[in-house]
Amino acid sequence: MKVLILLVFSVVAMAQTAPSIDARLAALDTAVKSAQSAGDNAWMLTSAALVLMMTGPGLALFYGGLVRRKNVLGTMMHSFILMAVITALWAIVGYSLAFAEGSPVIGDLRYAFLRGVGISPNPDYAATIPHQTYMVYQLMFAIITPALISGAFAERMKFSAMLLFTVLWALLVYFPMAHMVWGKGGLLSASLGGKIPCYDFAGGTVVHITSGVSALICALYLGKRVGYPHEQMKPHSVVLSVIGACLLWVGWFGFNAGSALAASGLATSAFVATHFGAAAAALGWMFAEWLRTGKPSVLGAISGCVAGLVAITPASGFVQPFPALLIGFLAGIVCYLMATLVKHKFGYDDSLDAFGVHGAGGTLGAILTGVFATSVINDSFKDSAGKTLALGWVDGNAGQVLNQVIGTAIAWGLAIVGTLIILKICDAVIGVRAERDAEIEGLDLSMHGEEGYFFET
Amino acid sequence: MKKIEAIIQPFKLDPVKEALKAIGIDGMTITEVRGHGRQKGHKEVYRGQEYNVDLLPKMKVELVVADARLDEVLRALTSAARTGKIGDGKVFVYDVAEAIRIRNDDRGETAL
């Protein structure tokens, strides 16, 4: 009897709900999408904040500690003020030039003044998060890249010239490079129809090669600091640099794992690769230095960590944990040799080793990405038949290494030519180098009218 | 009256203060200074760039004592500041022409 009642009841219930099953499925679908969007958006907003933290206070402290006491504020200001300058530029034309569809080299102006960049997702880039989240996340990358260059002209560039330089540099070098690699239809785009697909998960070419190579050009163009290398120019506070490097390490999780653009398994593998790369590079630099000079310096260990983070940036999201360790370890050793042996041999004054760390580490990482990228980690690239593509050499696609070299060469070329032109313009309009007296007095007082430390009060 | 000017290792400041206090000397002036005598500095390396740091941090202790107490004070001071290693510092002794306590115009040894 009980069974019969139950049976009748369910038949009645089915009869009642049958017409609304489609509607319920649609509602379920919406709920699932909204749950995924909530998870992804939470992670992406967190990542955006982490990447901003890399510039301020991360890079500001890292660089600020490495300069002499009289230049600490000027150096921190280079990082800090870019958080404001690039943001304004990004809103006006930057985002559009980098990410709007246009030519293979640069975007058009459809998103100028962020027109049409709203809450609904842009499925070309990230289908589950608001377009504005993607926009503001990418902005944080545009901020840190020119800030990295400031390590090469620290302690001797006029503040006004530095402002003009970075605005022009963003327009002529960063926005085109970001468009080529990540923009829809960009020349080097791996997922959105590029002619020469080049794998760069989080900005090895776009961020680190462009900034590192431009840094070398700046160091050569501006010339040495007054007194270099005879006078004492040792870091005024390695303590600040240690704090800065640790903040960079943490912030880099947003930089690389965030580049998955979702709270996905891919984000996890990028997170793991990033962490392994940083750890191995700290050891690589430390042991190399220990062997050569007899002492494992703290500055060496933290510089190695940053070098490893740079090198793993393009590879994170493509490589397994053990290749990540290897890439990091190599980066630690190579960048140590670049920042010490090579720099002294050629005699250029890259004050804070922006080239030795970001240029060299970025180049190494970009090329090794072509070797170690594997579809085991990243299966989002399909051919026209929907089959997962082999990515790097370890997948049997040795030709990818050549594509990576081409992408690297384009980044180098654009950085060299763009930076030279911009420096010439700035020199003609304002003059790039601080007056000799201003430089000797220190940029804190001569440019900003302040001192970083004033213990008497 | 004699003025004692002692350049000592920074970590020996507290032992010296204690030793002087133990024999009833309360007044002194301390300055953080840098310098070197026969002790040459050390080498520091930052990203492969070597720096010779030859001016090392020291403490300068200055005090003025009555002639009669000079030997006793010097003994206390030097034995407290001594490690026996190079870099322990030096003591110089000067004649003092006059001492004045600003508060009440005391003169000479009563002003000490």
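Select Ile217(A) to begin: this residue lies in helix 6 (residues 204-222) of chain A, where helices are DSSP runs of H or I with at least four residues, strands are runs of E with at least two, and both are numbered from the N terminus. The model is predicted, so local features need pLDDT of at least 70 and side-chain atom pairs count only at pLDDT 80 or more, while totals for chains, interfaces and linings use all residues. Residues are numbered from 1 along each chain as its sequence is written, and chains are lettered from A, with ligands numbered from 1, in the order in which they are written.

Is Ile217(A) buried or exposed? Ile217(A) counts as buried because it has 20 C-beta neighbours inside 10 Å, the cut-offs being 20 or more other C-beta atoms within 10 Å for buried, 12 or fewer for exposed and partly exposed in between, with C-beta atoms placed from the backbone. Next select Ile416(A), Thr419(A) and Leu420(A), with which Ile217(A) is in contact when its neighbours within four places in sequence are left aside; contact requires C-beta atoms, placed from the backbone, within 7 Å.

Now move to chain B, where 4 strands form an open, antiparallel sheet in the order 2-5-1-6, two strands being paired if DSSP finds at least two bridges between them. Strand 2 (29-35) and strand 6 (89-95) of chain B stand at the edges, each with a single partner strand, so one side of each has no neighbour in the sheet. Within the sheet, select strand 1 (residues 2-8) and strand 5 (residues 56-65) of chain B, which pair in the antiparallel sense over 7 bridges; Ile4(B) stands opposite Leu63(B) in strand 5 of chain B.

Notes
Two residues are in contact if their C-beta atoms, placed from the backbone, lie within 7 Å.
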